[in-house]
Amino acid sequence: MKNISKEKMKSYRNWFFVYILIAVLVAFCLLPIVYMINTAFKPLYELYIFPPEFFVKNPTLQNFSDLLLAVSSTSVSYLRYIFNSLVVSCITVFVTATISSMGGYAVVKLKPPGGKVFFKIVIAALMFPAQVTTIPRYLIIVNLGLVNNYLALILPVASSAYYFFLMKQFIDQFPDTLIEAARIDGCGEFKTFLKIVMPSLAPAWATLMVFSFVASWNDYFSALIYINDDVMKTLPLAINTISGSGFGRAGAVSASAMIMTLPIVIVFIFSQRKIMQTMVYSGIKG
Amino acid sequence: MSKNPKKTILTRQQIIGYIMLSPFAVCFIMFTVLPVLTAVWLSFTEYNMIQPAEFIGLNNYKLLLLGDRIFITALKNTLVFAVIVGPIGYFLSFFAAWVLNQFKFRNILALFLYIPSVTSSVAISAVWSYIFSGDRYGFINNTLIEMGIIDEPILWVSDPQYIMTVVIIISLWMSMGNGFLVFLAGLQNCDKSLYEAGAIDGVKSRWQELKYLTLPQMKPQLLYGAITTISGSFGVFDVPVALAGLPSPNYSAHTVVAHLYDYAFQRFQMGYAASVATVLFVITYFVGSIVMKSLSENDKDGKKQRRRVLQ
């Protein structure tokens with residue numbers, strides 16, 4: 001009996017150490033976010049207080065109204081950037097969910113010859129960063145006349161190997177018997193897909209939607225290359241026009257960062273459970 | 001078993017299969033497969049987008065690997081970054097997921113750890129640059145001075161000595177992303193009956209449980225996390241550029257992708273930039289293949305174990 005209690009004490013001590021580590025980790029993750037939120041609500045004079053204060057004393061919406069109402073030096077309103085980002089991200093989400101679920105279903109359940117090889121190429125494409133393809137992609141976009149066009153930001157991101165892979169792994173779990181039953185009942189292939197398979201893939205699209213929204217919403221590299229017209233710029237590029245040296249801009253930058261993060265966090269909270277369901281199947285089987 | 005009717009159904013199915021696959025396949029081939037092949041071809045040419053590409057053999061690679069000191073700096077920075085942020089981010093994600101999985105409030109804690117990874121890297125780097133500001137107003141400097149650790153404020157984001165450290169800290173902060181979610185989901189779905197069987201067979205501590213029962217079941221998720229971490233960390237661009245600019249002071253935060261961007265879109269030397277892309281492709285593909293092989297070989301044991309339990 002004594003031995004057991006000693007061992008238990010030891011394991012409690014170990015776990016106490018683990019809890020401390022997790023607490024430190026959570027603090028490390030949250031502190032900059034808390035800093036961002038506090039700074040976003042600071043009035044101008046509080047940004048210049050010395051020594052610097054972490055928390056806001058007299059919160060104000062000044063930074064947000066400056067950001068949203070003021071017109072930048074290039075005479076493009078911040079609201080326009082929000083609009084551009086929303087349009088690009090929403091269409092990306094829709095296109096991603098549509099083409100990946102159709103394609104994934106085709107490869108898994110309709111088994112066209114060459115489908116397996118195609119999926120192997122998709123897996124290979126997970127292994128290098130998309131920036132490798134930058135230059136030829138740019139040449140293709142130029143030749144298609146898509147520079148300064150929303151499509152240049154949408155199509156490459158929506159056809160990312162990553163989403164196709166997630167969808168295919170999830171559809172692998174869908175029982176064949178249900179599809180066969182539908183076929184026997186005289187249901188056409190497209191109808192089977194739309195009426196029987198799609199509804200049960202809800203967790204997978206929820207995940208795909210959140211991930212592709214985040215990727216598209218935060219996509220800086222594509223926008224930097226394909227967009228040079230101020231009117232067509234998206235939010236990540238707009239940050240460059242807001243940020244500058246000196247603490248005077250800290251409020252605007254934080255407010256802008258907060259506007260960019262908030263929608264994602266809200267969407268994530270609502271879809272967290274579905275995302276976890278999908279991610280179970282997202283492993284790569286060697 | 002009559003084979004003929006089955007065959008005709010199959011062909012119809014297959015045609016529909018091709019139709020359904022085609023939108024993705026066309027975009028994927030156009031924006032990923034062809035570009036990779038074209039990048040490799042362009043890397044053997046000189047091309048400025050005005051004159052037609054001219055084949056120059058290995059000249060780009062000779063210049064890149066033997067004559068371009070800035071590229072070597074970029075390569076070194078990228079490797080240092082990938083070697084530190086990749087493994088630490090990966091283990092941190094797994095460790096956090098593993099501990100959180102045993103908590104009651106894991107959903108809210110998971111959200112807290114996940115938020116940094118979904119922030120816009122450009123926007124949040126700007127916020128971090130105020131935290132790391134080089135004057136006494138900077139939060140880090142102010143805290144360190146008050147604690148008596150330093151006397152003078154440190155120029156975190158403009159002194160070449162410190163820039164990469166700050167980039168690494170921010171990137172680690174953002175590293176608990178989709179890999180972390182995959183781990184958490186995988187852990188929640190580990191076979192519970194295995195643990196009961198393990199307890200009977202003499203698995204004593206949770207550490208042993210992790211080693212003998214959890215990890216073998218998690219191989220597919222571990223592989224997925226590793227692959228995405230590798231391609232993510234070798235493609236680093238946003239944070240160093242947003243923090244230190246392009247070019248960064250003394251190229252101290254110059255990365256391979258930054259070099260690629262510089263040559264392709266500021267100097268329009270597309271052939272040379274394509275050779276940078278090809279080197280990046282070869283490195284990540286090589287590292288990815290090694291990791292994939294080593295993890296999937298072990299996977300066979302894991303699968304066998306799982307099958308045995310399921311039967």
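## Contact order and fold of chain A

Of the contacts in chain A with a separation of 6 or more, 76% are between residues 24 or more positions apart; two residues are in contact if their C-beta atoms, placed from the backbone, lie within 7 Å. The model is predicted: local features need pLDDT of at least 70 and side-chain atom pairs count only at pLDDT 80 or more, while totals for chains, interfaces and linings use all residues. Residues are numbered from 1 along each chain as its sequence is written, and chains are lettered from A and ligands numbered from 1 in the order in which they are written.

Chain A has 14 helices and zero strands, where helices (H or I, at least four residues) and strands (E, at least two) are DSSP runs numbered from the N terminus. The radius of gyration of chain A, 24 Å, is well over the 19 Å that the globule rule gives for 286 residues, so the chain is more spread out than a compact globule. This radius is taken over C-alpha atoms, and the globule rule is 2.2 Å times the number of residues to the power 0.38. Along the principal axes, the C-alpha atoms of chain A fill a box of roughly 80 × 75 × 35 Å.

## Domains of chain A

Chain A is divided into domain 1 (2–64) and domain 2 (75–279), with bounds from an automatic or database domain assignment. Their C-alpha centres lie 32 Å apart. Contact between them involves 10 residues of domain 1 and nine residues of domain 2.

On the domain 1 side, α1 (2–40), α2 (44–47) and α3 (62–69) of chain A each supply at least two residues. Helix α1(A) gives the most, with four residues. By class, this side has seven nonpolar, two polar and one charged residues; Ala, Val, Leu, Ile, Met, Phe, Trp, Tyr, Cys and Pro count as nonpolar, Asp, Glu, Lys and Arg as charged, and the others, Gly among them, as polar.

In chain A, 47% of the 286 residues count as buried (20 or more other C-beta atoms within 10 Å of the residue's own, with C-beta atoms placed from the backbone). A:Met209, in helix α11 (residues 202–217) of chain A, counts as buried because it has 22 C-beta neighbours inside 10 Å.

Not counting residues up to four places away in sequence, A:Met209 touches A:Val93 and A:Ala97. A:Met209 and A:Val93 are 116 residues apart in sequence, yet 5.2 Å apart in space, C-alpha to C-alpha.

## Interface between chains A and B

The contact between the chains takes 85 residues from chain B and 81 residues from chain A. On the chain B side, helix α1 (residues 3–42) of chain B provides the largest share, 22 residues. The residues of this side divide into 60 nonpolar, 22 polar and three charged.

How values were computed: A residue is buried if 20 or more other C-beta atoms lie within 10 Å of its own, exposed if 12 or fewer, and partly exposed in between; C-beta atoms are placed from the backbone.
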